[in-house]
Amino acid sequence: MKDFFGSMTGRVFLTLLLGTLITAALTQLAADYQRLRDFERQRDQNLLERAEQLIMATEIVPASARSIYLDVANRPGLELEATDTPDQHRPATPFSQALASRLGKGYTVEAATIRPAACGIAQYQPMMYGLLSLKWGGTCESLHVRLRDGGELRLSVLPPRSPLISTDADMRAVVALFLFSIAVLAYLVARMTARPFRQLAQAAQDLGQDINRPPLDLLGTTEIRQASAAFNAMQARIRQYIFQRTQMLAAITHDLQTPLTRMRLRLEKVSDAELQERLIGDLSAMQEMVREGLVLARSMDTTETMQMLDLDSLLEAVCADASDAGQPVTLQGKATMAVLGRPMDLRRCLGNLIDNAVKYGRDAHVCVDRINGTARVRIRDSGPGIPRSELGRVFDPFYRVETSRSRESGGTGLGLTIARNITEQHGGSISLVNHPEGGLEVTLMLPAYYPNK
Ligand code: ADP
């Protein structure tokens with residue numbers, strides 16, 4: 001849940017939902033308010049007409065029968081009764097003034113100080129499906145009316161007895177449906193908004209593993225199309241840059257091959273056998289360096305396509321090749337999973353690590369297993385390991401530990417750099433530790449391949 005609200009989809013969903021709900025609530029509030037005020041005005045108008053008719057009709061009835069007549073003539077909202085004692089009056093109200101002008105000359109209408117008891121009871125009217133209430137603003141008062149024949153009447157204008165705006169269960173069902181549809185809509189819009197960003201993020205992640213991945217489709221809104229086009233342009237520029245670098249290295253290597261071969265031929269003519277041997281050693285080192293340099297460049301710009309590989313078979317083949325070449329290698333465990341990779345590159349990576357183990361640690365013990373869907377390949381040797389302070393640096397190109405340089409083990413300092421490049425291109429990681437029981441242990445983590453993903 002926390003992940004959802006931390007994601008773009010979650011945040012857009014929440015913003016849309018809250019925004020729509022607040023807007024809907026305010027609109028409903030304004031509409032209910034307006035409706036209530038309209039009700040009040042209409043009801044006052046209606047009561048005014050009815051009060052006029054009732055007073056006129058009462059005047060026709062003989063004074064002695066007026067009480068009996070009014071008992072049956074009164075209707076909700078208005079109460080007219082005969083009285084002998086006029087109430088104390090106060091300044092004219094809009095209702096009393098309107099009634100006086102409707103009745104005309106000969107009648108007296110005065111607003112009474114005392115108000116009907118019902119005014120206090122029906123003070124509030126529910127609004128917004130009963131969530132809020134608003135004070136009743138229509139007329140609620142008592143009036144004293146003197147007829148032309150001198151008869152005295154008390155007129156009580158009363159508030160409505162039931163709520164004017166419905167709060168029944170039907171409305172609640174409609175509101176629930178409304179909320180549900182807003183939530184669904186907000187979720188769909190949020191997903192739609194976040195999808196292009198997810199695709200861009202995925203593309204950026206894939207780019208790290210495969211610079212030759214197909215360009216993004218230019219779909220969606222203008223901004224997303226622009227971002228996708230910029231991303232495609234960036235990918236093309238990086239690819240071009242890597243390509244040029246590889247071409248340059250390949251050209252240098254190629255051009256160096258000829259003079260190196262020529263030098264080798266000329267060395268045959270050197271008469272001093274010891275000098276000749278040393279020069280041939282130096283020449284071999286140079287040739288090795290040139291070759292490894294090219295491999296390094298190619299490990300960044302490979303043309304080999306990714307394919308589904310059985311990791312166990314690949315390891316078996318690499319270890320068998322090493323054994324055939326006379327290297328003391330053992331293989332233990334199984335990953336029983338597929339990885340998506342370039343077989344030649346992965347072979348080179350594992351080969352480099354096994355070569356190092358044999359070269360610097362006498363032997364190589366390869367152990368493979370699986371942790372949380374990730375393959376773990378550990379290559380351990382029986383050598384001295386690498387001093388702690390050097391562990392982080394041995395991945396740097398051309399970096400060699402001092403002892404290896406003096407031992408003239410024939411390396412170029414590129415083997416681990418190439419291995420790390422290849423591993424990272426496969427979405428994996430590589431780390432080195434000195435094993436507590438001696439020897440260096442290289443751990444390679446490679447993600448599993450799920451075809452449906
Ligand atoms: P190279 O082997 O060509 O010198 P690498 O990049 O493969 O280059 O290794 C860099 C350095 O790391 C080596 O020079 C060596 O000192 C050290 N190293 C690599 N593997 C081992 C190992 N298994 N045991 C001890 N030292 C190692």
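These legends describe close-up views of a predicted model.

**View 1. Domain layout of the protein chain**. The chain is divided into domain 1 (2-157), domain 2 (216-301) and domain 3 (305-447). Domain 1 and domain 3 have C-alpha centres 90 Å apart. Two residues give another span: isoleucine 55 and histidine 426 are separated by 371 residues in sequence. Their C-alpha atoms lie 97 Å apart in space.

**View 2. The buried side of helix 3**. Helix 3 runs over residues 66-73. Its buried residues are Arg66, Leu70 and Ala73. An α-helix has 3.6 residues a turn, so residues three or four places apart point the same way. The cover over the buried residues of helix 3 includes helix 2 (8-60), strand 1 (78-82) and strand 7 (152-157).

**View 3. The exposed face of helix 3**. This face is turned away from the buried side of the helix. It carries Ile68, Asp71 and Val72, which are exposed.

**View 4. Helix 2 packed with helix 3**. Two packed helices are described by the angle between their axes and the distance between the axes. Here the angle is about 145 degrees. The axes of helix 2 and helix 3 are 10 Å apart. The crossing is right-handed. Helix 2 contributes Leu54, Ala57, Thr58 and Glu59 to the meeting. Helix 3 contributes Arg66, Tyr69, Leu70 and Ala73. Of these, Arg66, Leu70 and Ala73 are also the buried residues of helix 3.

**View 5. Histidine 426 in its loop**. The loop lies between helix 12 (415-425) and strand 13 (429-434). Histidine 426 has a relative accessible area of 6%. It counts as buried because the cut-off is under 20%.

**View 6. The surroundings of histidine 426**. Neighbours within four places in sequence are left aside here. Histidine 426 is in contact with Gln209, Met306, Leu340, Gly341, Arg342, Asp345, Leu346, Leu446 and Pro447. Arginine 342 also takes part in a polar contact. The side chain of histidine 426 reaches the backbone nitrogen of arginine 342 at 2.9 Å.

Notes: Residues are numbered from 1 along each chain as its sequence is written. This is a predicted model: local features need pLDDT of at least 70, side-chain atom pairs count only at pLDDT 80 or more; totals for chains, interfaces and linings use all residues. Side-chain values use heavy atoms; hydrogens and water are left out. Buried means under 20% relative accessible area, exposed over 50%, partly exposed in between (1.4 Å probe, protein chains only). Helices (H or I, at least four residues) and strands (E, at least two) are DSSP runs, numbered from the N terminus. Contact means heavy atoms within 4.5 Å. A polar contact is a pair of N or O atoms within 3.5 Å; within protein, one must be able to donate a hydrogen and the other to accept it, and residues adjacent in sequence count only if both atoms are side-chain atoms. Domain bounds come from an automatic or database domain assignment. Axes are lines fitted to C-alpha atoms, for helices over the stretch in contact, and angles run from 0 to 180 degrees between N-to-C directions. A crossing is left-handed if the near helix is turned anticlockwise from the far one by less than a right angle, and right-handed if clockwise.
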